[in-house]
Amino acid sequence: MTLQIDICSDIACPWCLIGKRRFDRALAAFPHREQVRVTYRSFQLDPSLPDSYPGREADYLAGAKGLAPEQVQQMLAQVSAVAAGEGLHYDFDALVVANSRKAHRLLHAARREDDLATGGPVAARLKEALLTGHFERGLDLGDDDALVALSAAAGLPETVARRALADPALDTAVQEDVAAARRLGVQGVPFYLLDGRYGISGAQPTETFARALDRVWAEVGPLADLGSAGPACGPDGRGC
């Protein structure tokens, strides 16, 4: 038996990295982890962003999302504190605001390279590198060279990465992921779909993910919402 888990997330979502840490911890402790296949699905919170935005994250959220500067600062401080509790060191002052489209192109290329039966090691490593590069290292994910360097370190050949970055046809695959998420009623990310039947919304505690893995493995119940919604990023910018 293989348990399929689809994770909808965006590189520009701080809760997606927090959720990844918590989910990864639960999966590492899951007795049947070798029989779990994880696929990262694309989701864009703001597809209208330019490849590079001339301002800080706080400026973007305040201006583009219509949030008061004080509200933005409080929100960023809150998410930074939660991230620190997971061993992450967010640097919103250094963060480069950029459209995540190119990063998602690379993730789709990585998925094609992966042997899906093993759970997608290249795509998983690339997802981690993109998220930490964005939130902790201040890398410009609108810059091709920065993206290629991250891809190569994750195991995606440079030639494949550069070809993917220049391939607008991969945008169709990104849009198909987003459309599939919308059909499921996904309004924010991260969102976890277990065995195509059980949904978990937001960066839930590790214990919630652990219980969900056990429950789904036992194949109990129809499509369900496993727990109340956790913190997530939505298109209106709330929570990010």
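Colleague: Which residues form one aromatic cluster?

Modeller: This is a predicted model, where local features need pLDDT of at least 70, side-chain atom pairs count only at pLDDT 80 or more, and totals for chains, interfaces and linings use all residues. Residues are numbered from 1 along each chain as its sequence is written, and side-chain values use heavy atoms, with hydrogens and water left out. Rings of Phe, Tyr and Trp (its six-membered ring) pair if their centres lie within 6.5 Å; planes under 30 degrees apart count as stacked, over 60 as edge-to-face and the rest as tilted. One aromatic cluster is formed by Phe23, Tyr192 and Phe209.

Colleague: How many aromatic pairs are there by this rule?

Modeller: A pair of aromatic rings is described by the distance of the centres and the angle of the planes. Under this rule the count is eight aromatic pairs.

Colleague: How far apart in sequence are the parts that Phe30 and Trp217 tie together?

Modeller: Phe30 and Trp217 are edge-to-face, 5.9 Å centre to centre with 80 degrees between the planes. Phe30 counts as buried at 3% relative accessibility, and Trp217 counts as buried at 18% (buried is under 20% relative accessible area, exposed over 50%, partly exposed in between, with a 1.4 Å probe and protein chains only). Phe30 lies in the loop between helix 1 (14-28) and strand 2, and Trp217 in helix 9 (residues 206-217), so the pair ties together parts that are 187 residues apart in sequence.

Colleague: Is strand 2 largely enclosed or largely open?

Modeller: Five of the seven residues of strand 2 are buried.

Colleague: At roughly what angle do the axes of helix 4 and helix 8 cross?

Modeller: Axes are lines fitted to C-alpha atoms, for helices over the stretch in contact, and angles run from 0 to 180 degrees between N-to-C directions. The axes of helix 4 (residues 101-113) and helix 8 (residues 170-183) come within 9 Å. The angle at which these axes cross is roughly 90 degrees.

Colleague: Which residues of helix 8 make that contact?

Modeller: Contact means heavy atoms within 4.5 Å. From helix 4 come Arg101, His104, Arg105, His108, Arg111 and Arg112. On the side of helix 8, the residues are Leu170, Asp171, Ala173, Val174 and Asp177.

Colleague: Is the peptide bond from Val189 to Pro190 cis or trans?

Modeller: Most residues other than glycine have a negative phi, and most peptide bonds are trans. Pro190 lies in the loop between helix 8 and strand 3 (191-194). With omega near 10 degrees, the bond from Val189 to Pro190 is cis.

Colleague: Is Asp195 buried, partly exposed or exposed?

Modeller: Asp195 sits in the loop between strand 3 and strand 4 (198-201), and has a positive phi of about 60 degrees although it is not a glycine. Its relative accessible area is 27%, so Asp195 is partly exposed.

Notes:
Helix = DSSP H or I, 4+ residues; strand = E, 2+ residues; numbered from the N terminus.
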